[in-house]
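Q: Here's the structure I'm working on. Can you walk me through some local features?

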Amino acid sequence: NMVAKANLAITGTQVYNGTATIAGASLTVSGVGGESFTATGLAELTTKNVQTNQQLSNTNGLTITANGSATLDNYFPVSVANTIVSVTPLAITLTAPAITKTYDGGYTYNMTSADLTAMSTQLVGGDRVTAASVVFTGNNPNVGTNKSVSLNSATISDGNSGSNYTVTLASSTTSAVTPVSLTMTANNASKFVTQSDTSGFNGVVYSGFVNGETASSALSGTLT
């Protein structure tokens, strides 16, 4: 009587790494009767993206060696039909940038290309943060140091609508808003030397108010 060969089963899981391959070290190769095998090299995934219980697309890059008393002679070559692998999301924390800006009456900030590049450093496989929404925490536009900036949202380009990542959004606490320059110029006027100055005299002209602010809304006190 002949003993028929058995099939090897391959299972495995890896965290998303931006490639459409999975290392042999992330795979478990099992035979029958508790026999085990070791895989080295790389197998190809059907897609680089997060996936659950999918077949490999190619196992030609794998080298299988037997453990213990097991022997490959008792098994058929590995078939993708007997493979099940999963790719889980990569956990990352994206942090709002440290911002220094001159007071403009607003609490928002437009992310620069450099900001987005810096925020993308945790991503893999050439993925990028393409947009992000940040505001000064509490919608607070006022001058200050060590101000908190909140990261409200981030858009990731990864070929999978950002689903290859589990994202935590974090605030930064080292931003600053510096005062804007305000110029006050006294209006020209004349008077008799025997006359006393009136309050405010001939008034002043302001230059530098932002965001629709005026002397009455932004300043206190009186001209003397």
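A: Some terms to begin with: buried means under 20% relative accessible area, exposed over 50%, and partly exposed in between (1.4 Å probe, protein chains only). This is a predicted model, where local features need pLDDT of at least 70, side-chain atom pairs count only at pLDDT 80 or more, and totals for chains, interfaces and linings use all residues. Residues are numbered from 1 along each chain as its sequence is written, and side-chain values use heavy atoms, without hydrogens and water.

Q: Is Ser161 buried or exposed?
A: Ser161 counts as exposed, because its relative accessibility is 75%. Its phi is positive, about 55 degrees, although Ser161 is not a glycine.

Q: Where does Ser161 lie?
A: In the loop between strand S12 (144-157) and S13. Strands (E, at least two residues) and helices (H or I, at least four) are DSSP runs, numbered from the N terminus.

Q: What about phi of Asn53?
A: Near 50 degrees, again positive in a residue other than glycine. Asn53 lies in strand S5 (residues 51-54).

Q: New topic. How many aromatic pairs are there in the whole structure?
A: Two. Rings of Phe, Tyr and Trp (its six-membered ring) pair if their centres lie within 6.5 Å; planes under 30 degrees apart are stacked, over 60 edge-to-face, the rest tilted.

Q: Why is the pair of Tyr16 and Tyr165 edge-to-face?
A: Because their planes are at 75 degrees; the centres are 5.4 Å apart. The two residues are 149 apart in the chain, with Tyr165 in strand S13 (residues 165-170).

Q: And Phe37 with Tyr75: what are the distance and angle?
A: Centres 5.1 Å apart, planes at 80 degrees, so edge-to-face. Both Phe37 and Tyr75 are buried.
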